Amino acid sequence: MKSYALIHELLNLVETLEKENNGREMSIQEFAGFLLNKVSSPVGELANSDPRFGEEEKYAQAVAFELDNQIGRLFVYMSRYAKSYIKKTLEGTPLQTGEDFTALAILLTHEHLSKTELINYNLQEKTSGMEVIRRLIAGGLVRQWDNDQDKRGKLIGITGTGRKLLYAVFVEMGHVSKVITGDLTGTEKLQLLYLLQKLENFHFGHHEKKTILSKLDILAVAGEKL
């Protein structure tokens, strides 16, 4: 009968996961990552060196290797690696940046959006977001038309040319994703997916509610996590 106790424990874990994600329906992959994170024990010591650092300013280096700072720095490194790989992959296409690609991919899944909606979904500032939209329109990948509900704005949607390009690029971007995940095992990928999704939920919530708009907001949110 021990299996019944295990099932009960699993149900409790599912309930915990749902609470952490505000009742959002979870996939088996997300639950697997959550479960692996619960049962895994820490391995090894935290890194206390970085090949980019020299020998000077030991106090500054000690601060840099505090846990949250290490994670933040590694996120920056990972984003720059990814940006480099994506830029190389998009060479020879009308798409200039990763933001061009993701904007077009978002439009593919919508009948149409306002420019503001697309910029918000693409996690961009208004100025850089508008520049992406202008490039996509100029390249014939996106079209725009008057918004009957808002005379001041325009609606935009992907064109047949944009759709065809995007499906061709999808294959190449799949290779980029495999490079980005490096030499992680399948189990490690599930753990990473769970943790990244948890962070995404946290940050996208603040993004949607516009709760981090200044240095003071950052200090306030950081204070809540102490």
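Lys and Arg are counted here as positive and Asp and Glu as negative, with His and the chain ends not counted; the place of a charge is NZ of Lys, CZ of Arg, CG of Asp or CD of Glu. On this basis the protein carries 28 positive and 30 negative side chains, and the centres of the two sets are 5 Å apart. The model is predicted, so that local features need pLDDT of at least 70 and side-chain atom pairs count only at pLDDT 80 or more, while totals for chains, interfaces and linings use all residues. Residues are numbered from 1 along each chain as its sequence is written, and side-chain values use heavy atoms, with hydrogens and water left out.

Six salt bridges are present, each defined as a side-chain nitrogen of Lys or Arg within 4 Å of a carboxyl oxygen of Asp or Glu. One of them joins lysine 19 to glutamate 15, with the closest N and O atoms 3.6 Å apart. Both residues belong to helix 1 (residues 2–20) and are four residues apart, about one turn of the helix; helices are DSSP runs of H or I with at least four residues, numbered from the N terminus.

Glutamate 20 pairs with lysine 198 in another salt bridge, at 3.7 Å between the closest N and O atoms. This pair links distant parts of the chain, glutamate 20 being in helix 1 and lysine 198 in helix 9 (residues 186–209), 178 residues apart.

In helix 7 (residues 126–138), glutamate 131 and arginine 135 lie four residues apart. Salt bridges with shared partners join Asp100, Glu131, Arg134 and Arg135 into one network. The closest N and O atoms of glutamate 131 and arginine 135 are 3.9 Å apart.

Note on methods
Helices (H or I, at least four residues) and strands (E, at least two) are DSSP runs, numbered from the N terminus.
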